[in-house]
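Thanks for coming, everyone. I'll take this one quickly. Please have a look at the structure first.

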Amino acid sequence: WTFLTGVSVTMHACTHTHTLTRTHAPHTHTHCSYGLFSSSQTFDKILIANRGEIACRVIKTCKKMGIQTVAVHSDVDSNVHVKMADEAVCVGPAPTSKSYLNMDAIMDAIRLTGAQAVHPGYGFLSENKDFAKRLAAVGVTFIGPDTHAIQAMGDKIESKLIAKAAKVNTIPGFDGVVKTAEDAVKIAQQIGYPVMIKASAGGGGKGMRIAWNDEETREGFRFSSQEAASSFGDDRLLIEKYIDNPRHIEIQVLADKHGNVLWLNERECSIQRRNQKVVEEAPSMFLDADTRRVMGEQAVQLAKAVKYSSAGTVEFLVDSKKNFYFLEMNTRLQVEHPVTECITGLDLVEQMIRIAKGYQLQQKQEDIPINGWAIESRVYAEDPFKSFGLPSIGRLSQYQEPLKLSHVRVDSGIEEGSDINIYYDPMISKLVTYGATRAEALARMEDALDNYVIRGVTHNIPLLREIITHPRFVSGDISTNFLPEVYPEGFKGHHLDEDRCRELLASAAALHVTSQLYSHKILGTQSDLMLCYRVSSAPMDQNNWELCVELGQELHDIEISKSGNSYIFMNGLCLSLQVKVDGGQVEVCGDWNLASPLLPLTINGTCRMLQCLSKESSGNIVLQYMGTLFKVRVLSKLTAKLNSYMPEKVSEDTSSILRSPMPGTVVAMSVKPGDTVADGQEICVIEAMKMQNSLTAVKQAKVKSVHCQPGETVGEGDLLVELE
Amino acid sequence: PFCALTRPLSAIACLLQTNIQSDCRWYSVSHLSVKERIEKKRKAAQMGGGQKRIDAQHQRGKLTARERVELLLDPESFVETDMFVEHRCSDFGMEQDANKFPGDSVVTGRGRINGRLVYVFSQDFTVFGGSLSGAHAQKICKIMDQALTVGAPVIGLNDSGGARIQEGVESLAGYADIFLVHPSDLPHHGSLCILTHLMLCLQDTSYLFITGPDVVKSVTNEDVTQEELGGAKTHTAVSGVAHRAFENDVEALLYLRDFFNFLPLSNQDPAPIRECQDPSDRLVKSLDTVVPFESTKAYDMLDIIHAVLDEGDFFEIMPTYAKNIVVGFARMNGRTVGIVGNQPKVASGCLDINSSVKGARFVRFCDAFNIPIITFVDVPGFLPGTAQEYGGIIRHGAKLLFAFAEATVPKITIITRKAYGGAYDVMSSKHLRGDMNYAWPTAEVAVMGAKGAVQIIFRGKENQAEAEAEYVEKFANPFPAAVRGFVDDIIEPATTRKRICRDLEVLASKKQVNPWKKHANIPL
């Protein structure tokens, strides 16, 4: 098997050959699955009807297989995938409906470039049967299943019926289309609350709501049908029993056009927010070999029932007693496919291309291993402190993937300087780590997250790091309700215990001292050092500092002294400092390079990777520690004393103004000046990245003024409504 | 060697005192009395206007003169002068002992900031509201004269109600003295004084005006508050009098310490070089995508500036005034540089009266203090309109042109996108003796935008779209300038930092002398 480091999409990994890739494998491989592809000719040129990381991912494999690639892009989207591909065609303006979903333009691009096959990636046209049909009509191969399977599985109602017939366990519910909100209420009452309302054509958590009572059903119906209409152009909804506290476990299947179907083990995707996956892993800690086999076999039965070919995923909900229910089948490559690739050693994209060309599967079911453990974290440009993640936009002013670490794979479609905008999914990358055991993979994930440098957009690394180190997650005690259960008050960042707090304070103080020393480093040309720059060297001999560090509302007294008198400038200042914090002693050693965003320190003998986000003359320092950002202010003792005379800054009263929590478009404004709103009443709805977010009042008040209108684009922090 | 503070000194004096007392009690009475008086005066000087007034100062959220000095300078580096000076006024009861304060209403001396020499005066609001007496003015002039002879800067921390009214004309003479020192130190030993070169002020507590709100009301019948008339916001955003505002004393002084490190000690010293940990050959990949495809779309010039500089450390001057031009200090491979950049995010980055004056003043500052200038150009032209023409845009725009042309420090220019018309000339172009002028592949050096140009050339004719495409093809790229040698090279944006650092190394020995004249005649 192979750990697919070579598939990482950053540019410097591009030239990895297959053999090179394999040198990263820490264990001997048990079989060779793709030694044959070089002799089996597939396509000369493939068009990838997608963008971002998945387009890059597909191009990667095409390059390995010697296939020419064509990228399509909108006019604002010239990211990495465009640069990686051999050819690129612009298919329209920024909105996806006019570019990546624009079938006419994409058909033109195919004609123009002479591509023989199309890989649709995920999302967009990947499960669009009309697109597959149009391709077939012009003799271009769709790298995916037949239109029949797409149609059968794409419709949640039909798929459930087929699954039932194929003897796959299914969830009790209503197997028809719900027409009106009142219909929905009636059906919900019949099934019994809680119920799940979801778009028939849906996927990816869009157009999905849970309702616990009649009123929520009505509201859910309204939102879901709106979202479904805007995301899929199809507002049909269905309702089923909502299984409380389930796990989300899915089986990857691979089927060729000759009736051979394999199951490639499971992926555990229970960590979700708003029904969107955040952390995935393979295998699952929860499944025993028997359950796994039964689930795998049922997945194969379903695939066979629809004469499935290509890679597909059968999603199950698994309750605490290991009863599992069929949820849906995704007839495409999944976002989280890398974890399966890691533990099985298969390149799923390569398999899809081979299958599309008509080749038979080369593996037998008994050839499919579970080697080690793989974990994937979805790194998003979003603010995890707002309902576990509201989209944020911006320009990646600094961006470094942690690729220097071993056993790390990063699938991304962006680079330093890229823009994350409101038009597309805010995913930055998929960070995958691998280990012989789960503990090893988790430890590597922790390291990788600490070493990941992202500047310019707010990102969810604080949340990811908390999840993967949380005792419940580590022990495997998870469900799809993990986030709301663990953080009932919402995510608040890492909570520092006494030792960690001391470490943070010591690091910040040491950073301050280092930069003070650095400020004295005014150089002269050889001869005129003293004459022209006239620097007195006296303060450089300072060995002790008395500081005061402010963290939150608290002030901490700190004494620092140099331990050992040797410090050298190389790439930075090598300095070891003894720090006395609140009576405790901390030793901080480091190679202090103030130009680097990463701050590798040894604190009391333990290696810690901190990041410095900003350091101002005023003593304010922002450090990333344990994944979370902490604002501290380091002042000398004297300065701190004098600072206590400074007046406090009065902050704005936020209860009477409503600002947009994210960039997006105003789709509905429910109030007008003079209206009285109740606490919790909806004021307006903002759509961002295809998600509708209802903004509510936090107190009862009269509306003073309204500053935006439906259809208007607003930025994060823009004033929407003022209350009295 | 001169680092002994007043406090340790007095401690020694105390020791001496007790020894002498026990040993030679009988004849040293008068001697002891002098010691005692010295001690007493020193103590009194430390207390300024007394504990009550110090507390009042603190309650206003302000620090005392001495606290400010202590915060500004390296620990234990302050050497005070004229602690015993007292005012000489004898009118209105001022001669009484209770109205005499050792040191009067200003603290003066020298010290070090990050090891570098600086002279400092700090007005003491606790003594007669920091008002300026003859003695006060004399103290300031003394350190200024000294700073002049050794070539060191002066930092003034002003907190004063104005002239001391009891003294009448003497205090006004003091003002004249101070202002006489100031201009004379500019061309020669260039001291840095907040009053003359850079002015920093504080939000909510700094007020600066020629006449206060009451006088304004009685003369022009305008209703205006202190803050509106001469507050920090007014002077940093509207009038352009102040260069930067800070939240409070502590913040301002901490920033001032860091800022000081950018500047040479005098106009005869080279700009300082600090040890640099940021690799000079660092490729800045993000610059390759910073300029948007559509030439009408804005981007933030600060993204470019921050990405290119050492550690992204940029001390912006006048950040809230004439925001269509960005100016400030930074380092490249450790060398201090002045940055000038058009800001496409604000008014498309066009030049208008305010931005021209802001830029010109900054360029001249850099030239006066041997600081190389790096200019980032994305300018669509001068702002049209009657307001600008009546305001004298021709005269003010010429200031910026004059400043760049006159500057003899190393000048490096990078055209990131638009460089149209006269504004292109003004922005440190090759024609103004730019040393190294670069264009990014996105650069468009032309007389004006394609659309406007075609409308003039083909007025009233059809096929304008075609002509526009032709114009774009011909001029909306760096080639027309490059083939004529108006830019020295077309460079990949990612290599910008590397190129600048390398050029600065070479240009460090640049020597250029302007023809002799009594002084240049900038179009004021």
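Predicted model: local features only at pLDDT ≥ 70, side-chain atom pairs only at ≥ 80, totals over all residues.

H16(B) passes H17(B) in a right-handed crossing. A crossing is right-handed if the near helix is turned clockwise from the far one by less than a right angle, and left-handed if anticlockwise. Helices here are DSSP runs of H or I with at least four residues, strands are E runs of at least two, and both are numbered from the N terminus.

Two packed helices are described by the angle between their axes and the distance between the axes. Helix H16 covers residues 450-457 of chain B, and helix H17 covers residues 464-475. Their axes come within 9 Å and cross at roughly 125°. That makes H16(B) oblique to H17(B). Axes are lines fitted to C-alpha atoms over the stretch in contact, with angles from 0 to 180 degrees between N-to-C directions. Under 35 degrees is roughly parallel, over 145 roughly antiparallel, 65 to 115 roughly perpendicular, and the rest oblique.

Which residues make the contact? From H16(B), they include B:Ala453, B:Val454 and B:Ile457. From H17(B), they include B:Ala467, B:Tyr471 and B:Val472. Contact means heavy atoms within 4.5 Å.

Now the setting. UniProt, in an unreviewed entry, places "domain: CoA carboxyltransferase C-terminal" at residues 279-518 of chain B. Its positions follow the numbering used here, feature names are shortened, and annotations may be inferred rather than shown by experiment. That stretch is 36% helix and 19% strand. Its end C-alpha atoms are 43 Å apart.

Chain B as a whole has 19 helices and 15 strands. Of its 524 residues, 53% count as buried. Buried is under 20% relative accessible area, exposed over 50%, partly exposed in between, with a 1.4 Å probe and protein chains only.

Over to chain A. A:Asn79 lies in the loop between strand E2 (68-73) and helix H3 (80-84). Is A:Asn79 buried or exposed? At 9% relative accessibility, it counts as buried. Its side chain joins that of A:Ser418 in a polar contact of 2.8 Å. A polar contact is a pair of N or O atoms within 3.5 Å; within protein, one must be able to donate a hydrogen and the other to accept it, and residues adjacent in sequence count only if both atoms are side-chain atoms. A:Asn79 also touches A:Arg51, among others.

Housekeeping. Residues are numbered from 1 along each chain as written, and chains are lettered from A and ligands numbered from 1 in written order. Local features need pLDDT of at least 70 and side-chain atom pairs 80 or more, while totals for chains, interfaces and linings use all residues; side-chain values use heavy atoms, without hydrogens and water.

Notes
Lists of a residue's contacts leave out its neighbours within four places in sequence.
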